[in-house]
Amino acid sequence: MELRDIEIFLVLAEELHFGRTAQRLHVSQARVSQAIKKQERRIGAELFTRTSRTVRLMEVGRQFRDDLQPVYAGLHDSLERARLAARGITAQLRVSLLPFNLVDLHPYWKVFRTRYPQWGLRIRQATFTDVFGQLRSGAMDVVVAWLPVEEPDLTVGPVLCTDSRILAVAAGHRLAERESVPLELLADFPHGTALDVPDYWEDSYLPFHTPRGRPIERIESAASDNADELIGHVGMGDIVHTFPGHVTRYWGMTNIRWIPLPDMGTLRFALVWRTEAENDLVRALAATVRDLGVLRF
């Protein structure tokens with residue numbers, strides 16, 4: 001079986017949607033269908049059930065996915081190490097970012113690469129789902145996350161940046177023309193939410209209650225695992241939602257209004273890693289951040 005066909009199967013098993021799978025892998029839907037049909041002919045059973053509306057894994061497909069995932073991950077890692085070795089890079093540090101200001105944080109990455117040319121540095125935007133699971137599974141070495149992080153198996157490193165808070169609303173929303181919004185008023189409107197994150201951590205980003213004890217509602221229909229999806233719900237008027245202030249420099253959307261939230265404290269973003277996985281690369285990045293100091297927005 002070709003490596004690409006394995007990748008197509010695993011992504012489809014995750015997305016359960018032929019169109020999204022094709023888009024994610026930059027192939028045609030016909031290529032996805034062809035790869036799956038070829039695998040099903042080899043195995044002699046259907047891996048997925050398909051209707052005009054849904055795609056679901058069959059039991060055989062679930063077993064095939066569970067067997068293939070570690071094999072594919074190991075092979076992919078081996079190929080990546082070989083590519084890095086060919087460039088004289090002996091190891092790679094994988095960093096996942098929750099803040100959106102990748103450009104603002106470039107000084108840290110640039111200095112790290114200058115100091116340690118023998119090591120690679122791969123930066124990715126994080127999804128909002130099971131953020132700390134990325135560290136525990138070994139998919140990422142470091143996550144840049146807002147504080148506090150109170151996980152017994154994780155180490156909190158130096159702070160990279162701090163930022164004020166703003167509220168995003170649709171352009172036609174009744175809050176859109178306000179100069180600021182008090183925290184108490186957030187209880188009057190539904191908000192989005194993330195999946196599989198600790199309650200204390202979500203509460204530190206957006207409290208579950210106002211200062212007077214009124215609940216701040218989250219709606220499951222606006223649960224999102226990425227920023228584009230979340231801001232899409234805001235633009236449609238489904239929700240209002242809080243963000244760090246730096247997003248206004250990266251999202252120039254005519255259908256969104258950004259309103260200061262003076263009652264909310266600043267967000268602090270820091271390096272976080274799994275304590276047992278700490279190594280020279282992680283310590284070197286932490287030292288780089290400490291040397292350059294905290295960025296304030």
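In this predicted model, Glu40 has a relative accessibility of 10% and therefore counts as buried, since the cut-off for that class is under 20%. Its salt-bridge partner is Arg50, with the closest N and O atoms 2.9 Å apart, and Arg50, at 32% relative accessibility, counts as partly exposed. Because Arg50 lies in strand β1 and Glu40 in helix α3, the pair ties together parts that are 10 residues apart in sequence.

A second salt bridge joins the side chains of Arg218 and Glu202 at 3.0 Å, N to O. Arg218 belongs to strand β9 (residues 218–223) and Glu202 to helix α7, so this pair ties together parts that are 16 residues apart in sequence; here both Arg218 and Glu202 are buried. The structure holds 20 salt bridges, among them one between Glu15 and Arg24, also given as 3.0 Å from N to O. Arg24 is partly exposed, with a relative accessible area of 40%, and Glu14, Glu15, Arg20 and Arg24 are linked in a network of salt bridges.

Helix α2 spans residues 18–25, and its buried residues are Phe18, Gly19, Thr21, Ala22 and Leu25. These residues cover an arc of only 165 degrees around the axis, which means that they sit on the same side of α2. As background, an α-helix has 3.6 residues a turn, so residues three or four places apart point the same way. The buried residues of α2 pack against α1 (3–15), α3 (29–43), β1 (48–50) and β2 (55–57). After α2 comes His26, whose phi is positive, near 60 degrees.

Turning to the aromatic side chains, a search of the whole structure finds 14 aromatic pairs. In one of them, the ring centres of Phe100 and Phe243 are 6.2 Å apart and the planes stand at 50 degrees, so the pair is tilted. Phe100 lies in the loop between β3 (91–97) and α5 (106–115) and Phe243 in strand β10 (residues 241–244), so that the pair links distant parts of the chain, 143 residues apart. Phe100 is buried at a relative accessible area of 16%, and Phe243 is likewise buried, at 1%. Phe100 and Phe243 form one aromatic cluster with Trp251 and Trp258.

Trp146 and Tyr205 make another tilted pair, 4.6 Å centre to centre with 40 degrees between the planes. Trp146 lies in strand β5 (residues 142–146) and Tyr205 in helix α7 (residues 199–205), so the pair ties together parts that are 59 residues apart in sequence. Both Trp146 and Tyr205 are buried, and Arg165 lies over the face of Tyr205, at 4.5 Å from the ring centre.

Note on methods
Residues are numbered from 1 along each chain as its sequence is written. This is a predicted model: local features need pLDDT of at least 70, side-chain atom pairs count only at pLDDT 80 or more; totals for chains, interfaces and linings use all residues. Side-chain values use heavy atoms; hydrogens and water are left out. Buried means under 20% relative accessible area, exposed over 50%, partly exposed in between (1.4 Å probe, protein chains only). Helices (H or I, at least four residues) and strands (E, at least two) are DSSP runs, numbered from the N terminus. The arc is that of the directions from the helix axis to the C-beta atoms. Contact means heavy atoms within 4.5 Å. Rings of Phe, Tyr and Trp (its six-membered ring) pair if their centres lie within 6.5 Å; planes under 30 degrees apart count as stacked, over 60 as edge-to-face and the rest as tilted. A charge sits over a ring if NZ of Lys or CZ of Arg is within 6 Å of the ring centre and within 35 degrees of the ring normal. A salt bridge is a side-chain nitrogen of Lys or Arg within 4 Å of a carboxyl oxygen of Asp or Glu.
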